[in-house]
Amino acid sequence: MSLTEEERDAIVFYRIQKSKDTLTEAIGIAQLNYWNAVTNRLYYACYYMTSALLIKYGYNAQTHSGIIRLFGLHFVATGLVDKEHSRLYSKLFEMRQTGDYDDLFNLSEADIKPLIDPAIKYIIEIEKLISKK
């Protein structure tokens, strides 16, 4: 199914807002020291912004791994996005998987707190790239 430009723009706008709201959730949850939940929200904040980027540029992925792959192929490999951002996004994906699905494992403040500022920078940079299109 193809989207009209208006439909695409509406979805992109929604995903950007969802990214920012989810980032706000992550920061709030961090104050409560629920680090698995913070990881989940940080990952999803980046996921929503990355999916908005892909939609804006006309790419479609059906899975989280597909989004990571398309992001790497069309934005990181081409130099539009710094490799550090790609590494952060992949790291958050892996940590979110661990925090959500691995029994008897909890992420700590030392694991996650240093990733909050880079995630904020990631979201800002990806939004800038969206606005250029």
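**Stop 1: the nonpolar core**

Start by selecting Leu42, Phe71 and Tyr89, which touch the most other members of the largest nonpolar core, a group of 41 residues. A nonpolar core here is a set of buried Ala, Val, Leu, Ile, Met, Phe, Trp, Tyr and Cys residues joined through side-chain atoms within 4.5 Å. Buried means under 20% relative accessible area, exposed means over 50%, and partly exposed lies in between (1.4 Å probe, protein chains only).

Now colour the helices that give two or more residues to this core: H1 (5-30), H2 (35-56), H3 (64-76), H4 (83-101) and H5 (109-132). H2 gives the largest share, 14 residues. Helices (H or I, at least four residues) and strands (E, at least two) are DSSP runs, numbered from the N terminus.

A word on what you are looking at: this is a predicted model, in which local features need pLDDT of at least 70 and side-chain atom pairs count only at pLDDT 80 or more, while totals for chains, interfaces and linings use all residues. Residues are numbered from 1 along each chain as its sequence is written, and side-chain values use heavy atoms, with hydrogens and water left out.

Back to Leu42: which residues does leucine 42 touch, not counting residues up to four places away in sequence? Select Leu23, Ala26, Leu92, Ile112, Leu115, Ile116 and Ala119 to see them. Contact means heavy atoms within 4.5 Å.

**Stop 2: the aromatic rings**

Next, show the side chains of Tyr43, Tyr44, Tyr47, Tyr48, Tyr57, Tyr59, Phe71, Phe75, Tyr89, Phe93 and Tyr122, which form one aromatic cluster. Rings of Phe, Tyr and Trp (its six-membered ring) pair if their centres lie within 6.5 Å; planes under 30 degrees apart count as stacked, over 60 as edge-to-face and the rest as tilted. By this rule the count comes to 13 aromatic pairs.

Zoom in on one of them: tyrosine 44 and tyrosine 47 form an edge-to-face pair, 5.6 Å centre to centre with 75° between the planes. Both lie in helix H2, 3 residues apart, about one turn of the helix.

Then select lysine 133 and tyrosine 57: the charged end of the lysine sits over the tyrosine ring, 5.3 Å from its centre. The rule for this is NZ of Lys or CZ of Arg within 6 Å of the ring centre and within 35 degrees of the ring normal.

**Stop 3: tyrosine 59**

Move to tyrosine 59, in the loop between H2 and H3. Tyrosine 59 counts as partly exposed because its relative accessibility is 27%. Among the residues it touches, not counting those up to four places away in sequence, are Leu54, Leu70 and Phe75. His74 is touched too, and the C-alpha atoms of tyrosine 59 and histidine 74, 15 residues apart along the chain, are separated by 9.1 Å.

**Stop 4: the loop between H1 and H2**

Finish with asparagine 33, found in the loop between H1 and H2. Asparagine 33 has a positive phi of about 65° although it is not a glycine. Most residues other than glycine have a negative phi. Asparagine 33 is partly exposed, with a relative accessible area of 47%.
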